[in-house]
Amino acid sequence: MTNKAVPFDDLDRKIVAALIDNGRASFAEIGAAIGLSSTAVKRRVDRMRENNVITGFTATVRPAALGWLTEAYVEVYCDSAAPPRRLAEVVRNHPEIAAAMTVTGGADALLHVRATDVEHFEEVLERIRAEPFIRKTISYMVLSHLLPDSPEAGARQSSGGTTH
């Protein structure tokens, strides 16, 4: 794993785009689509993995299929300057937090929370608020996804239609 800048050309971009569209595509399928042999695609993917351009492969699962029917974004406001590492410790203790980041603006952090229902969300929110350095939270319940095929909505983008 290296942090130095590595060459990244148009063929690499096409390979990455193909993998984002379908992470299960074979090297032969990708190669046929972009004009390379499967061996050349594999070499490039291996290089991008070694250089931390491609950081892994994963399955995207529709949250509702797992019973996560309620979704919200929560602004977190901390007393004084809670260090990001302390916030990271807290969010790791809540499996309902799908994503968390420090942000600019009035809030110190933004959390993406998924829960089974509103009561479950309320319980998660109370656990978050119980942390001694958290001063307040502001929640925004998700009503619908305007881009339903986006990864944030729990769907895989696909050129062949939606994957609901």
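Biologist: In which helix does Met48 lie?
Modeller: A word on the ground rules: this is a predicted model, where local features need pLDDT of at least 70 and side-chain atom pairs count only at pLDDT 80 or more, while totals for chains, interfaces and linings use all residues. Residues are numbered from 1 along each chain as its sequence is written, and side-chain values use heavy atoms, with hydrogens and water left out. Helices (H or I, at least four residues) and strands (E, at least two) are DSSP runs, numbered from the N terminus. In that scheme, Met48 lies in helix α3.

Biologist: Is Met48 buried or exposed, and what is its relative accessible area?
Modeller: With a 1.4 Å probe and protein chains only, buried means under 20% relative accessible area, exposed over 50%, and partly exposed in between. Met48 falls in the buried class, as its relative accessible area is 1%.

Biologist: Which residues is Met48 in contact with, leaving aside its neighbours within four places in sequence?
Modeller: A contact here needs heavy atoms within 4.5 Å. The list for Met48 is Phe8, Asp12, Ile15, Val16, Val53 and Ile54.

Biologist: Which elements are included in what covers the buried residues of α5?
Modeller: Those buried residues are His120, Phe121, Val124, Leu125 and Ile128. They fall within an arc of 140° down the helix axis, so they line one face of α5. What covers them includes β1, β2 (97-102), β3 (109-115) and β4.

Biologist: Which exposed residues does α4 carry on the face turned away from its buried side?
Modeller: In α4 (residues 84-92), Leu87, Val90 and Val91 are buried. Their arc around the axis is only 95°, which puts them on the same side of α4. That buried set packs against β1, β2 and β3. The face turned away carries Arg85 and Arg92.

Biologist: How much space lies in the second largest pocket?
Modeller: On a 1 Å grid over the protein atoms alone, a pocket is an open set of points where a 1.4 Å probe fits, with protein on both sides within 12 Å along at least five of seven lines, and lining residues have an atom within 4 Å of a point. Points are joined across faces, edges and corners, and a volume is the space filled by probe spheres set on them. For the second largest pocket, that comes to about 190 Å³.

Biologist: By class, what residues does the lining of the second largest pocket have?
Modeller: The lining includes Trp68, Thr70, Glu71, Arg114 and Val142. Ala, Val, Leu, Ile, Met, Phe, Trp, Tyr, Cys and Pro count as nonpolar, Asp, Glu, Lys and Arg as charged, and the others, Gly among them, as polar. The count is 7 nonpolar, 3 polar and 2 charged.

Biologist: What separates the C-alpha atoms of Val142 and Thr70?
Modeller: Val142 sits in the segment after β4 (134-141) and is partly exposed, at 24% relative accessible area. Its contacts beyond four places in sequence are Glu71, Ala72 and Tyr73. Val142 and Thr70 are 72 residues apart along the chain, and their C-alpha atoms are separated by 7.6 Å.

Biologist: One last thing: near what value is the phi of Asn52?
Modeller: Asn52 lies in the loop between α3 and β1 (70-78). Most residues other than glycine have a negative phi. Asn52 has a positive one, near 65°.

Conventions. Arc of directions from axis to C-beta.
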